[in-house]
Amino acid sequence: MEITYTLLFLPIIFCIPIFFGNAKIRYYSSLLLTLYISIISSIPAFDIFLNHTNTFTASIYSTEITIDGLSAFFILVTNFTMLTGMLFSNGYLEPYIKRKKPAVIALHYGSYILLHLSMLLVLVFRNGFAFLVAWELMAVASFLLILFEGEILKTLKTAVNYLIQMHIG
């Protein structure tokens, strides 16, 4: 099954307001994108459980993705966690919105979306090279999320330590 280009490029349209809108638009665009990613990736995962299908296989360009029972379970867990995290972020980031530059908030939301996508790709890629690319995207996105309070020296050291450990092993 070839995944349609619309499913892949629609998130790009949702990303535009994250980087160019005001604080409320950034949050709601991020929430909408997280919800979209969660729904699109949960459909085949639920299909595996409800219809007792062994696997779901599709291809993104020439890279094959496969969802089996274990992947489906972790896709649902990842989607639930990322969706609830995005809902929680509205209250959590409120004091930061007043103190931090809009570009920093936009980078935070963009990194969150990238982390969500890369975590899902790590779960479904069966190609070694594609898996490593998704893993690197996940490492960079989580590094940027840790670096959100990079003006604090301890946080900066923690972020750099994390990035080094993610690449060492």
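Predicted model: local features only at pLDDT ≥ 70, side-chain atom pairs only at ≥ 80, totals over all residues.
Two residues are taken to be in contact when heavy atoms of one lie within 4.5 Å of heavy atoms of the other. When neighbours within four places in sequence are left aside, His 108 is in contact with Leu 93, Leu 145 and Phe 148. Because its relative accessibility is 14%, and residues under 20% are classed as buried, His 108 counts as buried. The C-alpha atoms of His 108 and Ile 40 are 23 Å apart in space, while the two residues are separated by 68 residues in sequence.

Ala 103 and Thr 155 are 52 residues apart in sequence, and the distance between their C-alpha atoms is 19 Å. Gly 110 is also placed in helix H5, where it touches Ile 18 and Phe 19 when residues up to four places away in sequence are not counted. Between Gly 110 and Val 124 the separation is 14 residues in sequence and 21 Å in space, taken from C-alpha to C-alpha.

The packing of helices is considered next. Two packed helices are described by the angle between their axes and the distance between the axes. Helix H5, which covers residues 102-124, and helix H6, which covers residues 128-146, have axes that come within 8 Å and cross at roughly 150°. Since angles over 145 degrees count as roughly antiparallel, H5 is therefore roughly antiparallel to H6. The crossing of these two helices, H5 and H6, is left-handed. On the side of H5 the contact is made by residues including Leu 107, His 108, Ser 111 and Tyr 112, and on the side of H6 by residues including Phe 131, Ala 134, Trp 135 and Leu 145. Sorted by class, the residues of the contact of H5 with H6 comprise 15 nonpolar, four polar and no charged residues.

Helix H5 also packs against H3, and the axes of H3 and H5 come within 9 Å and cross at roughly 170°. With an angle of that size, H3 is therefore roughly antiparallel to H5. Among the residues that meet in this contact are Ser 71, Phe 74, Ile 75 and Thr 78 in H3, together with Tyr 109, Tyr 112, Ile 113 and Leu 115 in H5. The contact of H3 with H5 has 12 nonpolar, seven polar and no charged residues.

A further pair is formed by helix H2 (residues 23-50) and helix H3 (residues 69-92), which pack at an angle of about 160° with their axes 9 Å apart. It follows from this angle that H2 and H3 are roughly antiparallel to each other, and their crossing is left-handed. The residues that make the contact include Tyr 27, Ser 30, Leu 31 and Thr 34 of H2, as well as Gly 69, Ala 72, Phe 73 and Asn 90 of H3. The contact of H2 with H3 contains 15 nonpolar and nine polar residues, and no charged residues are found in it.

The strands remain to be described. Strand S1 (residues 56-60) pairs with S2 in the antiparallel sense, and five bridges are found over the length of this pairing. Two of the pairs of bridge partners may be named: Thr 57 is partnered by Thr 66 of S2, and Ser 59 is partnered by Glu 64 of S2. S1 and S2 form a hairpin with two residues between them, and in the turn Tyr 61 has a positive phi of about 55°. In a regular strand the side chains alternate between the two faces of the sheet. As for accessibility, S1 is mostly covered, with four of its five residues buried. In S2, which spans residues 63-67, four of the five residues are buried, so that this strand is largely enclosed by the rest of the structure.

Key
Residues numbered from 1 in each chain as written. Heavy atoms only, no water. Buried < 20%, exposed > 50% of the residue type's maximum accessible area, 1.4 Å probe, protein only. Pairing = 2+ DSSP bridges. Axes fitted to C-alpha atoms, helices over the stretch in contact; angles between N-to-C directions. Parallel < 35°, antiparallel > 145°, perpendicular 65-115°, else oblique. Left-handed = near helix turned anticlockwise from the far one by under 90°. Nonpolar A, V, L, I, M, F, W, Y, C, P; charged D, E, K, R; others polar.
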